Amino acid sequence: MDLALTREEEAFRAEARAWLDAHVPAVAPPSLETAEGFAAHRAWEAELAADGWSVVDWPARYGGRECGLIRWLLFEEEYYAAGAPGRVNQNGIGLLGPTLLEHGTEEQRARVLPPMARGATVWAQAWSEPEAGSDLASLRARAVRTAGGWLLSGQKTWSSRAAFADRAFGLFRSDPDAPQPHQGLTYVMFDLRAPGVTVRPIGRLDGKPAFAELFLDEVFVPDEDVIGAPGQGWRIAMSTAANERGLTLRSPGRFLASADRLYGLWRAQGSPPESAARVADALVGARAHQLFTYAAASRFLAGERLGPESSLNKVFWSEYDIALHETALDLLGEDGERADTEWAERYVFSLAGPIYAGTNEIQRDIVAERLLGLPKGRR
Amino acid sequence: MRFLLDAEQRAFAGSLDALLTAAGTPKAVREWSRGDHAGGRALWSRLADAGVFALAVPEEYEGLGPRPVDLAVAFVELGRHAVPGPLVETVTAAALIRAPGPAKRLLPALAAGGSVATVAYEGAYALDGDLADVRLSVGPGGVRLAPGHDPVRPSLDPARRLTRLRPGGELLAAGPPPPEALLLARLTTAAQALGVGLALLERTVGYVRRRTQFGVAVGSFQAVKHRLADARMALEFARPLVLGAAVTMAPADVAAAKVSACEAAYACARTALQLHGAIGYTQEYDLSLWLTKARALRTAWGTPQECRADVLAAHG
């Protein structure tokens with residue numbers, strides 16, 4: 001049992017730090033939930049990719065360094081410690097990318113992954129529908145067979161990044177006669193600018209168009225943009241949902257950096273003793289999340305598959321993130337009310353955490369039923 | 001990096017679990033609470049034979065240590081089974097006594113289980129000072145062998161018997177105590193608390209699966225499930241802090257482990273009590289052995305406030 005890094009891992013960390021020191025913009029770009037900020041963040045992705053830092057854990061032929069899980073975690077720690085911009089293509093590189101690496105064809109990987117890696121194609125998610133939120137398997141948007149592909153029709157909503165993104169991926173019902181709701185679903189990629197697609201941006205709590213509704217009217221998707229076999233979409237989506245909730249959506253580096261910033265704010269405000277416990281808990285929680293992730297990574301590298309414990313992780317970090325930002329706003333006093341601070345932007349972002357990627361209520365059900373072995377009941 | 005227990009450590013935990021399950025620990029705990037230490041001392045000897053105390057004693061004094069990771073593994077099991085006695089204090093004493101003379105005289109018996117130690121800061125409560133063979137008083141001037149103790153005061157956890165040590169006594173080591181010994185006290189308390197929390201969760205999950213109301217198991221109700229999911233989450237995030245602290249023995253890590261494990265264990269206690277209902281509120285039901293210990297361990301070897309202050313002080 002050890003936490004030691006090899007000399008090569010330390011060297012990798014130092015190389016990442018040096019590159020970030022030289023390249024991270026001194027002035028943070030505008031919010032990525034605005035047109036101007038989205039473009040700036042897209043340009044940043046290209047800058048990362050030009051030197052091979054955008055998808056460090058991917059195979060080299062798609063733009064990565066094949067650095068492995070431990071080095072990816074180290075990169076993330078350095079990335080967020082350096083105060084580098086948020087990743088506008090997180091949906092792509094964190095969710096669709098791993099899905100293609102696991103379930104895609106070689107043709108799909110070669111075609112889709114390199115432009116994703118350099119931010120040339122930015123991806124949105126298309127899971128939820130007006131009547132299918134937590135009960136995602138009840139989704140109704142259809143994929144109907146046509147010559148050479150499928151026609152998508154229906155409505156998706158809460159589609160993160162879709163206001164400015166290029167393409168989207170999600171599940172569609174291809175076999176309405178399947179016996180179970182989660183059967184007969186197909187995982188597809190589609191162009192947000194294709195004929196038949198209408199994107200209506202939705203302002204989140206602070207008004208920024210962080211997500212959108214998608215109206216689809218017989219949108220043609222060629223067979224080459226179906227991931228896995230038609231009808232197998234649920235299984236494929238769930239295999240990477242564990243990724244999203246677990247290891248890769250929110251790396252420990254993010255929270256270590258946030259906790260450190262919070263500590264700095266507390267000191268700058270004169271170390272008020274009434275906030276000491278909350279600031280200490282932020283530091284403790286970031287370390288807990290880091291060590292929890294190291295343990296999960298070690299198990300993964302020892303050949304174990306990560307299962308429902310990713311639900312514990314998702315509940316932990318999403319609630320941790322809100323508590324940390326609430327503490328920051330309280331420390332700011334009357335400036336905590338201002339909308340034009342970096343803390344305010346991050347606070348608003350954190351509020352969505354317990355809702356997306358499967359609500360925390362659903363995650364607690366998963367923990368209770370699959371980790372604790374409690375009987376299923378009425379939700 | 002391989003932040004995982006190895007096969008030998010998992011087997012060690014398994015063997016302690018089997019030993020303590022077979023030994024009928026709750027009976028020994030209840031006797032201990034009444035001042036009858038015979039059953040507890042027999043259990044102590046078996047733990048010593050399994051190597052638990054030797055893990056804190058250096059090899060030159062017939063020990064195997066110091067091995068903080070293995071100690072953490074062992075103390076999780078001791079907490080899971082609510083083992084009574086000054087367990088933390090005995091391994092702390094083993095780490096406090098450094099000078100060759102006293103070490104040669106006292107440590108082999110601590111490793112072998114023939115002797116039990118308690119330790120306290122000057123003026124603070126020493127656990128089970130009435131039965132301890134070695135009573136150490138720790139002050140800025142050094143570590144002394146206390147000459148005796150005041151009458152026993154009751155703890156909220158009946159198995160913990162609080163005593164103040166009498167001042168004076170033989171000076172075993174001059175100067176401030178080695179910080180790593182006090183870190184070991186905090187670490188093993190954290191591990192013990194984690195074990196207490198795990199036992200509370202395990203017993204409560206078992207209970208809500210068996211207990212039916214309205215014709216179904218109460219564990220099928222979402223309000224019940226979500227409380228238990230939160231308890232599991234608190235424990236699963238405290239566990240790596242405890243093991244990580246054992247690996248690094250850094251003061252901030254040990255303080256973080258202590259506050260997290262104790263908060264998690266206490267949250268489990270509140271959840272366990274609530275979900276058991278009235279039966280959980282009785283002393284007769286064995287759940288009480290863990291419920292009360294979860295409260296007591298919170299303030300032992302570093303209150304939550306002291307631990308948080310240490311985390312902040314180290315961050316700088």
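User: Which domains does the domain assignment give for chain A?

Analyst: Keep in mind that this is a predicted model. The assignment for chain A has domain 2 at 123-231 and domain 3 at 250-371.

User: How far apart do the C-alpha centres of domain 2 and domain 3 of chain A lie?

Analyst: These two domains of chain A do touch, with 6 residues of domain 2 in contact with 6 residues of domain 3. Their C-alpha centres, though, lie apart by 30 Å.

User: Which residues of domain 2 of chain A lose the most area to domain 3 of chain A?

Analyst: Between domain 2 and domain 3 of chain A, about 470 Å² is buried, and carbon and sulfur atoms give 55% of that. On the domain 2 side, three residues together make up 69% of what that side buries. They are Ser134(A), Arg204(A) and Leu205(A).

User: Which residue meets Glu345(A) in a salt bridge?

Analyst: The interface of domain 2 and domain 3 of chain A has 2 salt bridges. The domain 2 side that touches domain 3 divides into 1 nonpolar, 1 polar and 4 charged residues. For Glu345(A), the N to O distance is 2.7 Å, inside the 4 Å cut-off for a salt bridge. The partner is Lys208(A).

User: Now for the two chains: what area is buried between chain A and chain B?

Analyst: Start with the contacts: 44 residues of chain A are in contact with 39 residues of chain B. Carbon and sulfur atoms give 71% of the area buried here. The total comes to about 3,900 Å².

User: Which residue of chain B forms a salt bridge with Arg364(A)?

Analyst: Chain A and chain B have 4 salt bridges between them. In the one formed by Arg364(A), the closest N and O atoms are 2.6 Å apart, which is within the 4 Å limit.

User: Which element gives the most to the side of chain A that touches chain B?

Analyst: There are 14 residue pairs in polar contact across the interface of chain A and chain B. On the chain A side, the elements giving two or more residues are α7 (252-268), α8 (276-301), α9 (309-331) and α11 (360-371). With 16 residues, the one that gives the most is α8(A).

User: How many nonpolar residues does the side of chain A that touches chain B have?

Analyst: Sort that side by class and you get 11 charged residues and 5 polar ones. The nonpolar count is 28.

Terms used. Residues numbered from 1 in each chain as written. Chains lettered and ligands numbered in written order. Predicted model: local features only at pLDDT ≥ 70, side-chain atom pairs only at ≥ 80, totals over all residues. Heavy atoms only, no water. Domains from an automatic or database assignment. Contact = heavy atoms within 4.5 Å. Buried area = accessible area lost by both parts, 1.4 Å probe. Salt bridge = Lys/Arg side-chain N within 4 Å of Asp/Glu carboxyl O. Nonpolar A, V, L, I, M, F, W, Y, C, P; charged D, E, K, R; others polar. Polar contact = N/O pair within 3.5 Å; in protein donor to acceptor, adjacent residues only side chain to side chain. Helix = DSSP H or I, 4+ residues; strand = E, 2+ residues; numbered from the N terminus.
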